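Student: I would like to learn how to read a structure like this one. Could we go through it together?

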Amino acid sequence: MIRVGLTGGIGAGKSTVAKTFIERGAYHVDADKIAREVVAPGTPGLAQLVEAFGQGILDADGALDRPALAAKAFVDDESRQKLNGITHPLIGARTQELTDAAPADAIILHDVPLLVEGHMAPFYHLVAVVHADADVRFDRLTTLRGMDADDARARIAAQATDEQRRAVADVWLDNTGTQEALAAQALAVWNDRLIPLRDNVAAGVAAALPTEVVDYDPTWAALGARVVNRVWALVGGNAGSVTHVGPTATEGTSAVPVIDIAVTSTADVSDALAAGGFPSVEPGVHVSADPGRAVRIAVTPTD
């Protein structure tokens with residue numbers, strides 16, 4: 001199986017992308033749905049929220065009044081951290097339960113609004129970000145969802161910036177046009193990236209690497225940083241170092257557009273790299289299974 005993280009700012013249009021993937025067989029793990037489940041009436045999660053923010057966050061039936069909670073939880077960083085400290089562990093545990101129940105050949109779609117804020121990007125085979133400018137999202141929230149203007153501004157301001165999302169995005173989906181246009185982008189990602197990636201990981205097959213030299217691309221540094229973080233997440237304490245090396249790590253240098261990563265390891269990390277999307281092509285060398293991300297990893301054992 002492979003895990004795909006889908007994220008974007010509130011009002012960006014993640015649901016259209018999720019729907020496109022789900023219609024084609026993605027196994028959906030919806031963070032918003034889970035977030036509601038873990039604070040439903042009678043749950044320990046709701047009891048913890050009441051203890052932290054008071055009885056005023058409940059409606060007349062004893063259920064969570066989300067606008068009332070938002071009015072208290074989004075007023076400052078301390079309150080927001082208190083909210084996240086209660087809900088994030090509960091959401092994480094339930095997410096893991098659902099992930100463990102997925103079929104062995106699944107493309108697991110984790111629909112996670114706060115993926116960036118939760119520093120979860122390295123734990124996915126691929127991260128897709130749906131983007132719309134903040135003013136567009138504000139208009140959607142207030143006009144289409146009927147959200148209070150101050151609440152909408154607070155929600156947008158509390159989330160990651162566009163720059164922070166770009167730093168983790170393997171796929172950037174632009175939702176400044178129609179839903180149909182966004183769905184078409186999502187379908188292309190499904191067919192051209194996710195299906196080949198899933199099949200390659202299952203077969204232990206690497207994607208072909210480019211061979212022609214091209215002009216320096218300033219995005220190589222960001223891609224290198226993403227891959228370094230991904231590899232650290234896969235090999236953990238078994239690695240002594242993980243470094244972006246080679247021509248693409250040198251600013252201004254023309255190169256074959258392959259991100260070379262050097263890993264020193266104190267244990268065999270081949271299985272972890274293969275399961276994470278980097279199958280072995282020869283002893284000590286792993287190459288990305290993702291046809292849209294040219295990566296080569298050289299592993300050097302150390303004592």
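Student: Which residues lie nearest the centre of the second largest pocket, and how many residues line it?

Tutor: First, the general idea: on a 1 Å grid over the protein atoms alone, a pocket is an open set of points where a 1.4 Å probe fits, with protein on both sides within 12 Å along at least five of seven lines, and lining residues have an atom within 4 Å of a point. Here the second largest pocket is lined by 26 residues, and T219, L223, R226, G292 and R293 lie nearest its centre. About 360 Å³ of space lies in this pocket, where a volume is the space filled by probe spheres set on the points, joined across faces, edges and corners.

Student: Which elements give two or more residues to that lining?

Tutor: They are α8 (162–168), β5 and α10 (219–235). Helices (H or I, at least four residues) and strands (E, at least two) are DSSP runs, numbered from the N terminus. The largest share, five residues, comes from α10.

Student: How does the lining divide into nonpolar, polar and charged residues?

Tutor: There are 17 nonpolar, three polar and six charged residues. Ala, Val, Leu, Ile, Met, Phe, Trp, Tyr, Cys and Pro count as nonpolar, Asp, Glu, Lys and Arg as charged, and the others, Gly among them, as polar.

Student: What should I know about the model itself?

Tutor: It is a predicted model: local features need pLDDT of at least 70, side-chain atom pairs count only at pLDDT 80 or more, and totals for chains, interfaces and linings use all residues. Residues are numbered from 1 along each chain as its sequence is written, and side-chain values use heavy atoms, with hydrogens and water left out.

Student: What is the strand order in the open sheet with parallel pairing?

Tutor: Two strands pair if DSSP finds at least two bridges between them. The five strands of this sheet run in the order β2-β3-β1-β4-β5. Its edge strands, β2 (27–30) and β5 (171–174), each pair on one side only. β2 and β3 (residues 107–111) share four parallel bridges, and D30 has D111 in β3 as its bridge partner. Helix α5 (residues 77–100) packs on the sheet, touching β2 and β3, and its direction makes about 170° with that of β2. Contact means heavy atoms within 4.5 Å; axes are lines fitted to C-alpha atoms, for helices over the stretch in contact, and angles run from 0 to 180 degrees between N-to-C directions.

Student: What is the strand order in the sheet with mixed pairing?

Tutor: That open sheet of five strands has the order β6-β7-β10-β9-β8, with β6 (239–245) and β8 (280–282) at its edges. The helix α10 packs on this sheet, touching β6, β7 and β10. β7 (residues 259–265) pairs with β10 (residues 295–301) in the parallel sense over seven bridges, and S265 stands opposite P301. β9 (residues 285–287) pairs with β10 in the antiparallel sense over three bridges, with H286 opposite I297.
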